[in-house]
Amino acid sequence: MTHPPFDRVSRCSRHGRRLLEAQPKLADAVAGQLGQPFTRAAMQAFVGTPPCADEAALHQRLRQLRQRVWLVATARDLTGSADLAEVTATWSALAEVCIAAALDFHHAVLAARHGQPRDEHGQPQQMIVVGMGKLGGGELNVSSDIDLIYLYPEEGDTAADPAADGAAMMSRRDGIQTGKSISNHEFFIRLGRKLTAALGEATADGFVFRVDLRLRPWGDSGPFAMGFAMLEDYLVAQGRPWERYAWIKARPLTGTRHDELRDIVRPFVFRKYLDFGAFAAIRDLHVQIQREVARREMADNVKLGPGGIREIEFTAQVFQLIRGGQIPALQQRPTLVVLAELVKSGLMTADAQQELAAAYDFLRRLEHRLQYLDDAQTQQLPDDAESQAMLAEAMNFPDHAALLGALDKHRTRVTRHFAQMFAAPQTDQNSHPLTAVCCGAADPATTRALLENAGYDDPQPVLAILDALRKNTARLAESTQLRLNALLPPALEVIGSQPDPTATLERFTALIQAIARRATYLALLAEYPSALRQLVRLLAASPWAAQILTRQPQLLDELIAPQSLMSVPDWALLATQLREELDAHAGDTEAQMDALRRFKQVQTLRLLAQDVAGQLTLEALSDHLSNLADTLLAETLARCWDGLKTRHRDTPRFAVIGYGKLGGKELGYASDLDLVFLYDDDDERAQPTYARLAQRINTWLGTLTPAGMLYETDLRLRPDGASGLLVSSTEAFRDYQLNHAWVWEHQALTRARYVCGDAAIGAAFEALRREVLCIPRDAAKLREEVLAMREKMHAGHRNDSALFDLKHDRGGIVDVEFSVQYLVLRHCHAHPELADNVGNIALLLRAAAAGLIPAGVAQAAADAYRELRRQQHAVKLSGAAFARVSLPAVEPVRNAVKLLWAQVMDTAA
C-alpha cells in the first residue's frame with residue numbers, strides 16, 4: 001500500500017523508504033499528523049499512556065516515538081511545510097521529552113530501592129541534566145547525538161529522612177527488591193548510567209539518541225555525575241578556554257535550582273571585562289579542526305569544512321565570550337538569535353548578519369537532508385550519483401551541480417566574514433626595521449636615520465621615552481615581555497605618522513605602563529594592527545582621551561570592532577540594552593553604578609573616535625552627548641527610586657530638569673550637568689521622600705568609584721540657589737519663577753528642558769517656562785540687569801594673558817548667549833516663537849526673521865558662534881586648561897560677535 005504524503009520521503013531518503021516498507025502501519029498511524037508540527041504534548045502523551053511497566057517497555061516506547069517523530073518531521077520538512085526553526089525545535093523537544101521520561105522512570109526505581117537522595121537538611125535532590133551544544137541551544141539535528149552533563153545540587157545520602165526508610169519498607173512488602181542507602185553521588189551515577197542506556201542502547205527498535213558525555217569536567221576520566229560544588233571548583237581552578245565556548249549553550253533540562261547553576265557557570269563563561277584570549281582560543285580551536293579536516297580529507301563537510309556551520313557558530317560565539325559579560329542580550333543560546341543581537345548592539349553590520357543567517361539556514365537544511373539519506377550522523381557531501389541526485393531533489397535543485405553552485409556561494413561568504421573576524425595574528429616583528437631601535441641594539445647613526453625616516457624630527461626625546469619604558473617594564477614576565485617587544489616596533493611606526501609624534505609616544509608609553517601586567521591588552525594591540533592604529537589616532541588627537549584609556553583600559557575592547565566604534569548611536573536601542581544590563585544586577589548598587597559608568601565610557605569613546613575621524617559636526621556631537629546624558633539620567637532616576645527603602649507610591653511623580661549645556665543640548669565631553677528636581681505630589685510624605693531621591697541621584701552621579709565618575713553636577717540653579725531646598729514642588733517652583741526669581745534665572749530658563757521622569761511634570765514645566773519667557777518686560781530695566789550680570793561674569797573670569805578666551809572675553813561665546821537671552825526676554829511676548837529651546841544659532845535667525853536684528857548681523861554672529869564653539873572644542877580636546885587662542889586668529893569672528901552685541905544691547909562696538 002502506498003502513502004502519497006510520504007512519496008517525497010521515499011524518494012529523498014533511503015532510511016525513510018526502509019522504515020515505510022518495514023512498518024507500513026506506521027504511515028497510517030501518523031498520516032493524520034502531517035498538517036501540524038509534532039507537539040511536545042503529543043510526545044508526552046505517547047510516552048506516558050499507558051505507563052511503562054518495565055525498563056524494556058520504556059525502551060521500546062521511546063524508540064517508537066522517535067520513529068513517529070522522524071517520519072512526521074521529515075515529511076513536513078521535505079514538502080516545505082516546516083521551516084528550519086520547526087525542525088530543530090521538534091527534535092530538541094523530542095530529546096527533552098525522552099530524557100525526562102527516562103529520568104523519571106529510573107529515578108523512581110532507584111528511589112524505591114535505596115530511598116530518595118537528600119541533602120543534609122533532608123530536602124530531596126533531583127538530577128539536573130544539562131543539554132550542551134545544539135540541544136542546549138534548541139537547535140538539534142535530525143540525526144545528532146546529544147551532549148549531556150549530569151549534575152545534582154548537594155552531597156548527602158538516601159537515608160537522610162525517616163520517610164525514605166518508610167517508603168523502602170513499603171516497597172519490600174510490595175515485592176520490590178530494596179537495598180541499603182547510598183550516597184547521592186552513587187545514586188546519581190547509577191541514574192546517569194540508566195538514562196544513558198535508555199537513550200543510546202541499540203535494540204530491535206533502534207536507538208533514541210546517541211549520548212556523548214565527554215564535555216563533562218575531566219572528560220571521559222571524570223565522574224559520571226557530580227555536585228554543584230565539584231563543578232564550581234573545577235571551572236574556577238581547571239576550566240579551559242574551549243570549555244567556556246562549550247558552556248555558552250548549556251541549558252538545564254530537568255530538576256530545579258537552575259538559578260544556582262547559572263550563578264556558577266556565568267562568571268566562568270561571561271567575563272566582566274575584555275577577554276582577548278577568547279579570540280586566540282577560538283582561533284586555535286578552529287586551526288585544530290582545520291588540521292583534522294585536512295587530515296581526514298573532509299573539505300566537503302558542511303559543518304567543519306571551510307565556510308561551514310562551525311565557522312558561523314564561532315563568529316557569533318567569540319562575541320558572546322568577549323562581550324556577553326557586558327551585554328546580557330548576548331548570553332542567549334541560539335546562533336541566529338545571537339547574530340541578530342550583534343546587529344542591535346552595533347557589533348555586526350546588518351549585511352553581514354543577513355548573509356551569515358542565510359548561509360546558516362541553507363547549511364543546516366542541507367545537513368538535515370544529508371542525514372535523512374540513511375539516518376546517519378553525517379555532514380559529508382556524498383560522492384555517489386544516487387545520493388547526489390536524492391540530495392539535489394531534497395534541496396529543490398535540478399541537479400547536483402546546481403546545488404553545489406549555491407552551496408559554494410554561501411560558503412564563500414561565510415569564509416570571508418570568518419577571515420575578517422579571525423585574521424592571522426601579527427606577532428612576528430623580528431624583521432621590522434624599528435626593532436633594533438626599540439631594543440636599543442642599533443648604533444646612534446642608524447638609530448637617528450631610522451627614526452627620522454619614521455617621522456620623528458628629534459630622535460633624542462624619543463630614545464629617552466623608550467629607555468624609560470624599558471626600565472619600567474624590565475621586571476615583566478618573559479611571556480609578557482615578548483608581547484611588548486612584538487608591539488613596540490609597529491607602534492613606533494604608526495605613531496611616527498601623527499602630527500606630534502613625540503607627544504603621542506609619551507601618551508602611548510604611559511598607557512603601556514598602566515596595562516603592561518595585563519598581557520591580554522598587549523596581545524590585542526600586537527596582533528590587530530587596526531586596533532593599534534585606532535588607538536594611536538585617539539591618543540594623538542586628545543590627551544584627555546589618553547587619560548581615559550589609561551585609567552579604564554578595558555575600553556580598548558571597543559577598538560576591535562570598528563563597525564560598532566564608528567556606527568551612529570541608536571539611543572532607543574542603547575537605552576534598552578542599558579536597562580537589561582542594570583536589570584541583570586538588580587539589588588546590587590555597586591554593580592549598577594559601575595554598569596552606568598562603563599556605558600558612558602564606551603559611548604563616549606565611540607563618539608570620540610567618530611569625532612576624531614571627522615564623521616561628526618560639533619552640533620551632532622553635542623546632540624549625541626546630550627542624548628547620552630538623558631539616557632543615563634533616566635536610568636539613574638529609575639534605579640535610585642527602586643533603591644529607596646521607604647516609598648509611598650510605586651511610580652514617582654518626580655522629574656529632572658536640565659539647564660545650561662544639558663538644557664541647550666550643547667554638552668561637551670567633560671561637561672557637568674546643571675540640574676533642577678521637581679515633584680508634583682500632595683502626599684504628606686512626598687517632600688522628604690523626593691529629597692532623599694534627589695540626594696541619592698546626586699550621589700549616584702557624582703560618586704567616584706573604580707569605574708570613575710558619571711557626572712559632576714551643579715544644583716545651584718534651583719530656587720534660592722545653594723540655600724534652597726534640593727527638590728521643589730511644581731507649585732513652589734511656579735511661585736518662585738513668577739514672583740521671586742532674578743532676571744539671570746529667567747535668562748537660564750531660555751536653555752532649560754525636561755529631561756526625564758514624570759512626563760506630566762515635564763509638560764507643566766515647559767508651559768511655565770514659556771509663560772515666564774513671554775512676560776512683557778521694561779526694556780531699559782532688562783538691559784540694565786543683563787549688562788550688570790555680564791559684567792559680574794566677566795569680572796569672575798579674568799584673563800591676564802595675551803590670548804583670547806573663547807568663552808568669556810569680549811566678543812566671545814558668552815556675548816552671543818547673553819545677546820540671545822536678552823532678545824528672548826525682551827521680545828518673546830510679541831514673538832512667542834523665540835520661546836522654543838532650539839539653540840542660539842536658530843534663535844538668532846528667528847530674531848532676524850522677526851525684524852529684531854539685521855539678517856546680515858544675525859548670520860555673521862551665528863557663523864561666528866559656531867566657529868567659536870568649534871575652536872573651544874578643539875582646544876579642550878587638546879588638553880589645555882583654558883580655551884584660549886591667539887587673538888589675531890579669531891579677530892574676524894570676534895568682530896562679528898561685537899557687532900551683534902552692539903546691535904542688541906545698543907552699546908558701542
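**Exercise 1.** Determine whether Y152 and F188 are buried or exposed, and classify their ring pair.

*Solution.* Both Y152 and F188 are buried, where buried means under 20% relative accessible area, exposed over 50% and partly exposed in between (1.4 Å probe, protein chains only). The model is a predicted one, in which local features need pLDDT of at least 70, side-chain atom pairs count only at pLDDT 80 or more, and totals for chains, interfaces and linings use all residues. Residues are numbered from 1 along each chain as its sequence is written, and side-chain values use heavy atoms, with hydrogens and water left out.

Next, the geometry. Rings of Phe, Tyr and Trp (its six-membered ring) pair if their centres lie within 6.5 Å; planes under 30 degrees apart count as stacked, over 60 as edge-to-face and the rest as tilted. The structure holds 14 aromatic pairs. For Y152 and F188 the centres are 4.9 Å apart and the planes stand at 15°, so this pair is stacked.

**Exercise 2.** Classify the pair of W218 and Y234, and state the accessibility class of W218 and of Y234.

*Solution.* The ring centres of W218 and Y234 lie 4.7 Å apart with planes at 65°, so the pair is edge-to-face. W218 has 31% relative accessibility and therefore counts as partly exposed. Y234, at 2%, counts as buried.

**Exercise 3.** Identify the charged residues that sit over the rings of F207 and Y711.

*Solution.* The criterion is NZ of Lys or CZ of Arg within 6 Å of the ring centre and within 35 degrees of the ring normal. The charged end of R66 sits over F207, 5.2 Å from the ring centre. Over the face of Y711 lies K600, at 3.9 Å from the ring centre.
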